Amino acid sequence: MPLTPAALPALAPAATPGQPETTIDTPSLVLDLDAFERNLDRMQQAADRAGVNLRPHAKAHKTPAIALAQIARGAVGICCQKVSEALPFLRAGVRDIHISNEIAGPAKASLLARMAVQGKLSVCVDDASQIDVLAAALENHGSTLSVLVELDIGQGRCGVGDADEALRLVESIQRHPSMRFAGLQAYHGGIQHLRSQLERRDAAARSAERAGEAAARLEAAGARCDIITGGGSGSFAFDLTSGVFTEIQPGSYVFMDVDYGRNEVAEDSGDGVQVCPRFEHSLFIASTVMSTAASGQVVVDAGLKSMAVDSGLPWVWNRPAGEVDASLQYIAANDEHGLIRASGDGGALPALGTPVWLVPGHCDPTLNLYDELIGVRGGAVEVLWPVAARGLSR
Ligand SMILES: Cc1ncc(COP(=O)(O)O)c(C=O)c1O
């Protein structure tokens, strides 16, 4: 019989609004909307209390609907890590976007310059040649851009090493009328996952001090730093009270992956005020037990192609209890299979066909694997959000 492509079945959506969450086709990426909204509120309240701007990092979620929810609560805009990543957000109406990264080459500079015709865009630099490439693109497209000098405050990734180097770049920026020097970016990714809260606090204080000293030198030389931006979901509480940062850019707090779940968070400082607000796990991979053939384990349908494991394997989630299921352990990820065994002496393993929710080890690259995020509330699917910036890494 000849093949009739038009008669082939279409792939049904993994979920539609109104259906019970237990019937979502798997593997799928699921968002607990109540926990997610509480996370957004907590971060905004912490920033508001400190009088510091919140510019959440969209690299964590890549989802315009989430950026709009953050802005509706008071965020001043968002960060993106790549120029192409910013495009779907601009299209969705997010006007104020900081590219918290350096860019290389005329193609990216040209895209950024064209986007800057319509939005309020800013970018980081740590070399004079980046400024030249940006200036040429801006001139070509008749747009203007805010430029921040990135300062390395200990991560050893991008950024100039000291205030003298920063000043040379400021002078170079100021030679171009299409560019405005806006301030410093000072981000230290290496301290975000220091497990002990005290260690994290001390490391954040040292980083903030370096940023503050550099900013003071620049200001003394007449280069005003309107913005000093940095901080992630591990350090933000200390960055907020540092007196240095005018803006924080955390991303993962929206979801809380396993890696952040391992950070120690002290509840309060003794006067009832939380030092570090506690965020909830809101992001899950919905999987299904697809084989129980081998004794002592079950196999779920979510493996390496359904989650990033660079920061560790997922935790099993007890959905009815709303907590990590310590009786079960996800012990190995193959491409399309996940092996789950009972912890310790062994409790009951889930039966064939049972839905199993997993907390991903690292949220950012996990989001990058899915086209849509399925929002659930009260046991039912409420909304499907396109992960519109998924795969946009140029
Ligand atoms: C420059 C920059 N800012 C902010 C963040 C957000 O950090 P987190 O997701 O840990 O909150 C990152 C994450 O890698 C980053 O690279």
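This is a predicted model: local features need pLDDT of at least 70, side-chain atom pairs count only at pLDDT 80 or more; totals for chains, interfaces and linings use all residues.
Q: Where is Ile153 placed?
A: Ile153 sits in the loop between strand S6 (145-150) and helix H6 (163-174). Residues are numbered from 1 along each chain as its sequence is written, and side-chain values use heavy atoms, with hydrogens and water left out.

Q: Why does Ile153 count as buried?
A: The relative accessibility of Ile153 is 3%, so the residue counts as buried. Buried means under 20% relative accessible area, exposed over 50%, and partly exposed in between (1.4 Å probe, protein chains only).

Q: What does Ile153 touch, not counting residues up to four places away in sequence?
A: With those sequence neighbours set aside, Ile153 touches Ala186, Tyr187, His188, Ser207, Arg210 and Ala211. Contact means heavy atoms within 4.5 Å. Ile153 and Arg206 are 53 residues apart in sequence, and their C-alpha atoms are 8.4 Å apart in space.

Q: What makes Glu382 partly exposed?
A: Glu382 has 39% relative accessibility, and therefore counts as partly exposed. Glu382 belongs to strand S18 (residues 380-386). Leaving out residues up to four places away in sequence, Glu382 touches Pro17, Leu33, Gly375, Val376 and Arg377. Between the C-alpha atoms of Glu382 and Arg201 there are 39 Å, with 181 residues separating the two along the chain.

Q: Why are H1 and H2 called oblique to each other?
A: The axes of helix H1 (residues 33-50) and helix H2 (residues 64-72) cross at roughly 45° and come within 10 Å. Axes are lines fitted to C-alpha atoms, for helices over the stretch in contact, and angles run from 0 to 180 degrees between N-to-C directions. Angles under 35 degrees count as roughly parallel, over 145 as roughly antiparallel, 65 to 115 as roughly perpendicular, and the rest as oblique. H1 and H2 are therefore oblique.

Q: Which residues of H1 and H2 meet?
A: Phe36, Leu40 and Gln44 on the H1 side meet Ile66, Ala69 and Gln70 on the H2 side. By class, this contact of H1 with H2 has four nonpolar, two polar and no charged residues. Ala, Val, Leu, Ile, Met, Phe, Trp, Tyr, Cys and Pro count as nonpolar, Asp, Glu, Lys and Arg as charged, and the others, Gly among them, as polar.

Q: How do you know that Gln44 is buried?
A: Gln44 has a relative accessible area of 5%, so Gln44 is buried. Gln44 is part of helix H1. Apart from residues up to four places away in sequence, Gln44 touches Leu54, Gln70, Arg73, Gly74 and Ala75.

Q: At what angle do helix H4 and helix H5 pack?
A: Helix H4 (residues 106-115) packs on helix H5 (residues 128-141) at an angle of about 45°, and their axes are 8 Å apart. That angle makes H4 oblique to H5. From H4, the contact is made by Pro106, Ala109, Ser110, Leu112, Ala113 and Arg114, and from H5 by Val133, Leu134, Ala137, Leu138 and His141. By class, the contact of H4 with H5 has eight nonpolar, two polar and one charged residues.

Q: How many disulfides does the structure hold?
A: The structure holds zero disulfides. A disulfide is a pair of cysteine sulfur atoms within 2.5 Å. The closest cysteine sulfur to that of Cys79 is in Cys80, 7.8 Å away, which is too far for a bond. Cys79 has 0% relative accessibility and so counts as buried. Cys225 is in no disulfide either, as the nearest cysteine sulfur, that of Cys124, is 13 Å away. With a relative accessible area of 8%, Cys225 is buried.

Q: What is the value of phi of Lys62?
A: Phi of Lys62 is near 55°, a positive value in a residue other than glycine. Lys62 lies in the loop between strand S2 (53-54) and H2. Its relative accessibility is 7%, so Lys62 counts as buried.

Q: Why is Met256 called buried?
A: The relative accessible area of Met256 is 11%, and Met256 is therefore buried. Met256 is in the loop between strand S9 (247-248) and helix H9 (258-261). Phi of Met256 is near 60°, a positive value in a residue other than glycine.

Key
Helices (H or I, at least four residues) and strands (E, at least two) are DSSP runs, numbered from the N terminus.
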